[in-house]
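Colleague: Please pick the one part of this model that ties the rest together and go through it closely. I would like the pairing first, then what packs against it, then how it sits in the whole.

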Amino acid sequence: MDRQWSLEESTVVDAPPEVVYRLVSDLRNMGRWSPECRSVWVLRPPARTGTRFVGFNRRGPFLWPTQGRVTRMSQDSEFVFDISVIGLPIARWGYRFEAEGSGTRLTEFWQDLRTDGYRARVADFLGTVFAGSNPARRIALNRAGMRTTLERIARTATTGV
């Protein structure tokens with residue numbers, strides 16, 4: 001099977017785009033929604049383009065920290081950040097916000113950045129050792145995690161919980 005380098009999942013949230021954007025762009029919320037991310041420490045909140053943060057992740061017995069940097073943010077369209085581990089690029093994560101009726105089509109996307117040479121092989125190896133998932137398995141985990149995350153964001157946006 002060929003390696004899949006990107007993925008996206010969407011849902012419609014019964015809240016306007018500015019509400020959904022405000023929730024998602026507060027990175028400290030990610031620990032509430034993601035099944036892997038347990039918490040995020042933002043070095044200088046609130047998030048702006050260039051803001052750096054540290055994520056603390058767990059899946060089963062596997063624990064691993066990540067470093068992130070916000071790369072693009074536009075309240076009417078997207079919020080994007082890159083993730084690395086010990087200086088090695090791992091992934092680009094982001095959210096797109098599109099008005100749909102009185103709500104928002106929220107799309108979460110992921111792009112694998114482990115693409116070149118020995119650094120990519122080292123990053124793949126570290127993912128297997130510290131996160132317990134090789135690249136072939138990572139896509140299925142990400143898809144399931146994205147669906148869970150989107151569901152939780154939608155619930156928070158509509159009920160506050």
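Predicted model: local features only at pLDDT ≥ 70, side-chain atom pairs only at ≥ 80, totals over all residues.

Modeller: Two strands are taken to pair if DSSP finds at least two bridges between them.

Strand 2 pairs with strand 3 (residues 52-59) in the antiparallel sense, over five bridges. Within this pairing, S39 stands opposite F56 of strand 3. Strand 3 in turn pairs with strand 4, again in the antiparallel sense, through eight bridges. Here V54 faces Q67 of strand 4. The two strands form a hairpin with two residues between them, and G60 in the turn has a positive phi of about 60°. Next along the sheet, strand 4 and strand 5 are joined by seven bridges in the antiparallel sense. R69 has D82 in strand 5 as its bridge partner. Strand 4 and strand 5 also form a hairpin, this one with three residues between them.

The largest nonpolar core contains 33 residues, and V20, L27 and F79 have the most contacts inside it. Several strands of the sheet give two or more residues to this core, namely strand 1, strand 2, strand 5, strand 6 and strand 7, and so do helix 1, helix 2 (30-33) and helix 4 (135-159). Helix 4 gives the most, with six residues. Leaving aside its neighbours within four places in sequence, F79 is in contact with Y21, V24, S25, L27, A47, V70, R72, M73, W93, G94, Y95 and F97.

The C-alpha atoms of F125 and W64 are separated by 13 Å, while the two residues are 61 residues apart along the chain.

As for the whole, the protein has four helices and seven strands. Along the sequence they follow the pattern β-α-α-β-β-β-β-β-β-α-α. The radius of gyration is 15 Å, close to the 15 Å from the globule rule for 161 residues, so the protein is as compact as a globular protein of that length. Its C-alpha atoms fill a box of roughly 45 × 35 × 30 Å along the principal axes. Buried residues are 47% of the 161. Of the contacts between residues at least 6 apart in sequence, 50% join residues at least 24 apart. The protein exposes about 8,600 Å², of which carbon and sulfur atoms supply 53%.

Conventions: Residues numbered from 1 in each chain as written. Heavy atoms only, no water. Rg over C-alpha atoms; globule rule 2.2 N^0.38 Å. Buried < 20%, exposed > 50% of the residue type's maximum accessible area, 1.4 Å probe, protein only. Contact = heavy atoms within 4.5 Å. Areas by Shrake-Rupley, 256 points an atom, 1.4 Å probe, with all protein chains shown as cover. Core = buried A, V, L, I, M, F, W, Y, C linked by side-chain atoms within 4.5 Å.
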